[in-house]
Amino acid sequence: MRLISEYPKSIFLRFWYSINPLNMKISYNVITKPSFLLVHPELPAVIYPKPHLTSNPVLRIPRRHERFIGLVTKFQSSSYTADRRSRNRNNSRDSSVSKVDGKPIGLGRKQGGSSSIYSRPSLLEMKNERVENRARVYEFLRGLGVVPDELDGLELPVTVEVMRERVDFLFSLGLTVEDINNYPLVLGCSVKKNMIPVLDYLGKLGVRKSTFTDFLRRYPQVLHASVVIDLAPVVKYLQGMDIKPGDIPRVLERYPEVLGFKLEGTMSTSVAYLVGIGVARREIGGIFTRYPEILGMRVGRVIKPFVEYLESLGIPRLAVARLIEKRPHILGFELKHRIKPNVESLLEFHVREASLASVVAQYPEIIGLDLKSKLHSQQSLLKSVIGLDREDFGRVVEKMPQVVSLSKTPMIKHVEFLKDCGLSLEQLRQMIMGCPQLLALNIDIMKRSFNFFVTEMGRPLDDLVAFPAFFTYGLESTIKPRHRMISRKGLECSLAWMLNCSDEKFKQRMDYDTIELDEMEPEPAFDMNTLMEARSDDSGSEYEDSDDDYEDK
């Protein structure tokens, strides 16, 4: 059988013309698809002046010509498809290697890459782009003075504009470049996703905006936290420990690190231990409100060794519990580097070992001061103004440990006032050793009491030397009423017999005809038992500053 390609072209032309007996032109449009071949004849339109009912003649093609037409059609279709594929391969090859000004034409892909019309960067190109973006961000930060060395591996903004937004927001909160360098990971926090939600939550709790700067300096990690997952559960836990909702902001402002603690960890164990040594459960909320740092203290490393050491000084465990209720900040004193050296200093300045418990119980802050320098300063001052030696200074500290915190000027003013009252230096020294509170009382009240002592009572100065605590009693509430009762009864008594007793005991004495010296009560001294008495008020549950009245001002 001869192939169609072997027939001359003239045979095909004669065939097209010979198959049309009506001299009509017939053309074929061939549309090839993967699964079928469609042959659609297009016939020229014929216009007739009048319609006829007769049917159009049917075109009949001999069978041998039908076979020939099929072979020709298949040949043309296969030739057209092959030519089209060849052109596509040539175009693809030309577009991948052709260049304009040294750059590839078309999609800009490398030779051998995909010919897709959608351009996607390669992994290497994406990596290089990230490196370039981070380099630009680092350059921006270095221009501000921020050291980005610790930011490697941290997800950062891909553009300088977004990083500038974060830095500007931190600056608006009062943070400085130094603060950012102290915790550069804060630059990984999104303004909208991290910073604003956290600060809004703190503001709704009542944390003052004026404290945000110090808050973030102490605990910048809070900006990484989730409000729902991290912060809200801690706040709920604090409220469950009887910390009032109104005190929560004060607790967070004073100790923001508490927001990073795990529940049922250090916080719960510290509460259990304090209650175990005798701290009243109703006082826990007040203790943590005034000194929330306890929440971060480990029982075995901090709280328990502190309690046991005070017990070794002679302070009962229940008394230690009462001290913690009143002054919870004493738990923050370092045992090894502060408390023990201070106790050694007290012994060095002639405070007797038996009196250490009383000294600490009267003034717990004494074990947390820079004590040795204060002891030396106060001992030198009293020696210069009243001639007090080291052993006598030890007795003064035992009776009033707060003397170590008195400022120099008020002490000298009190000494000068007593001198103006006509007291000799020896009398003055005896009075201060007997009642060191004379160095800290309100000097105006002392003047009024002394004037009454001289003008109304008419007593000699020796009575003051024998009972210097006279100045510690209220003039209107105690001294005047008792003096009038004694004067009406015509009794002569010492100041100590008149003042050193309760009101009930004084009324009983007024029924006596004579004064019995056996009923004289000892001079007031600190009683440890009073410290261990159960508290009858709820003052410890309220927030209050723990400033000491004797601190230098």
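Biologist: Why does Phe349 count as buried?

Modeller: Keep in mind that this is a predicted model. Phe349 has 4% relative accessibility, and buried means under 20%, so Phe349 gets that label.

Biologist: What makes Phe393 buried?

Modeller: Same test: the relative accessible area of Phe393 is 0%, and the cut-off is under 20%, so Phe393 is buried. The buried residues of helix 17 (residues 390–399) include Phe393, along with Asp392, Gly394, Val396, Val397 and Glu398.

Biologist: And what covers the buried residues of helix 17?

Modeller: The cover includes helix 14 (335–348), helix 15 (356–362), helix 16 (371–386) and helix 19 (425–434).

Biologist: How many aromatic pairs does a search of the whole structure find?

Modeller: The search finds 7. Take Phe349 and Phe393: their ring centres are 6.5 Å apart and their planes sit at 70°. Centres have to lie within 6.5 Å to pair, and over 60 degrees counts as edge-to-face, so this pair is edge-to-face.

Biologist: Why say that this pair ties parts together?

Modeller: Because Phe349 lies in the loop between helix 14 and helix 15, while Phe393 is in helix 17, so the parts being tied are 44 residues apart in sequence.

Biologist: Why is the pair of Phe417 and Phe450 called edge-to-face?

Modeller: Their centres are 6.4 Å apart, with the planes at 80°. That angle is set against the cut-off of over 60 degrees, so edge-to-face it is. Phe417 lies in helix 18 and Phe450 in helix 20, so this pair links parts 33 residues apart in sequence. Both Phe417 and Phe450 are buried, too.

Biologist: Which residues make the contact?

Modeller: Helix 18 brings Lys413, His414, Phe417 and Leu418, and helix 20 brings Ile443, Met446, Lys447 and Phe450. By class, that contact has 5 nonpolar, 1 polar and 2 charged residues.

Methods. Residues are numbered from 1 along each chain as its sequence is written. This is a predicted model: local features need pLDDT of at least 70, side-chain atom pairs count only at pLDDT 80 or more; totals for chains, interfaces and linings use all residues. Side-chain values use heavy atoms; hydrogens and water are left out. Contact means heavy atoms within 4.5 Å. Helices (H or I, at least four residues) and strands (E, at least two) are DSSP runs, numbered from the N terminus. Ala, Val, Leu, Ile, Met, Phe, Trp, Tyr, Cys and Pro count as nonpolar, Asp, Glu, Lys and Arg as charged, and the others, Gly among them, as polar. Buried means under 20% relative accessible area, exposed over 50%, partly exposed in between (1.4 Å probe, protein chains only). Rings of Phe, Tyr and Trp (its six-membered ring) pair if their centres lie within 6.5 Å; planes under 30 degrees apart count as stacked, over 60 as edge-to-face and the rest as tilted.
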